[in-house]
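Please find below my notes on the model under review.

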Amino acid sequence: MGDYTSLNLLGLFIQAVFIENFLLANFLGMCTYLACSTKLKTANGLGVAVVLVLTVAGILNWCVHQFITAPGALSWLSYFGIDAAKVDLNFLEFLLFISVIAGFTQMIEIIIEKVSPALYSSLGLYLPLIAVNCAILGACLFAVTRNYPFIPNLMYVFASGMGWWLAIALVAAIREKLAISNVVPGLRGMGITFIVSGLMAMAFQGFTGIKLATPSGSALENANSAIEMQTTPEPSQANF
């Protein structure tokens with residue numbers, strides 16, 4: 001876990017679900033969000049699949065980064081007499097990440113087809129789209145870029161999937177209600193859906209003040225404190 005505590009993990013969960021929701025803050029994964037949110041049952045099925053794929057793919061891609069593509073990641077090959085510490089495979093990171101996501105998504109598709117044919121039929125062509133869902137790739141890349149240790153990385157990718165599921169379930173429930181409501185003809189369909197999504201995004205921004213994800217005493221917090229000290233004027237300068 002590194003410098004992270006249980007409170008930091010809770011803050012990371014809140015941050016990924018509400019503050020940095022991939023749908024409502026980063027607008028990633030919008031294609032399946034708009035196409036599969038007409039019914040709550042379909043939205044829940046797709047949400048569960050996204051949480052599962054994102055969690056497992058995030059763990060696997062963290063391992064790929066740590067042991068294959070990061071600078072000096074291949075140093076473990078020295079145990080086999082291979083000096084590969086200076087080999088840099090960072091240029092293959094996108095390709096490997098997408099391959100891991102696509103492979104695991106294919107496994108999930110086969111399992112859902114066997115276990116729940118009705119859900120598989122309702123998802124249609126949008127289930128394979130999870131393989132190219134930018135929210136899943138984005139969460140994996142965000143976690144790697146921020147250098148999360150294993151447990152915080154697991155919490156982050158899991159919470160990101162939960163946030164995506166929460167957003168699509170909420171808008172699906174609202175769209176079911178809107179289907180039998182008196183909506184202005186010019187706003188029916190995608191128009192009112194975009195308005196609802198915008199209002200939901202504004203509501204989620206109310207959690208912005210919660211800053212528990214960064215552990216106290218970490219290098220990131222120290223760097224932020226140093227920047228604030230450099231940009232804060234001296235008392236005499238401020239009075240002047």
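**Notes on the predicted model**

1. Just after helix H6, Asn147 adopts a positive phi of about 55°. Helices here (H or I, at least four residues) and strands (E, at least two) are DSSP runs, numbered from the N terminus.

2. This is a predicted model, in which local features need pLDDT of at least 70 and side-chain atom pairs count only at pLDDT 80 or more, while totals for chains, interfaces and linings use all residues. Residues are numbered from 1 along each chain as its sequence is written, and side-chain values use heavy atoms, with hydrogens and water left out.

3. The protein contains ten helices and zero strands. Of its 240 residues, 40% are buried; buried means under 20% relative accessible area, exposed over 50%, and partly exposed in between (1.4 Å probe, protein chains only). Among contacts (heavy atoms within 4.5 Å) between residues at least 6 apart in sequence, 77% join residues at least 24 apart.

4. Helix H6 covers residues 134-145, twelve residues in total, and reaches 16 Å from its first C-alpha to its last. That is close to the 16 Å expected at 1.5 Å a residue, where the expected span is 1.5 Å times one less than the number of residues.

5. H6 is mostly covered, with nine of its twelve residues buried. Among them are Ile136, Leu137, Leu141 and Val144. The cover over the buried residues of H6 includes H3, helix H4 (93-115) and H7.

6. Which elements does the pair of Trp62 and Phe150 link? Trp62 lies in helix H3 (residues 40-69) and Phe150 in helix H7 (residues 150-178), 88 residues apart. This pair is one of seven aromatic pairs found in a search of the whole structure. Rings of Phe, Tyr and Trp (its six-membered ring) pair if their centres lie within 6.5 Å; planes under 30 degrees apart count as stacked, over 60 as edge-to-face and the rest as tilted. The ring centres of Trp62 and Phe150 are 5.3 Å apart and the planes meet at 70°, so the pair is edge-to-face. Trp62 is buried at 14% relative accessible area, whereas Phe150 is partly exposed at 32%.

7. Ring pairs also join Tyr4, Tyr148 and Tyr156 into a cluster.

8. A search of the whole structure finds zero disulfides, a disulfide being a pair of cysteine sulfur atoms within 2.5 Å. Cys63 is partly exposed, at 28% relative accessibility. Cys140, one of the buried residues of H6, has a relative accessibility of 2%.
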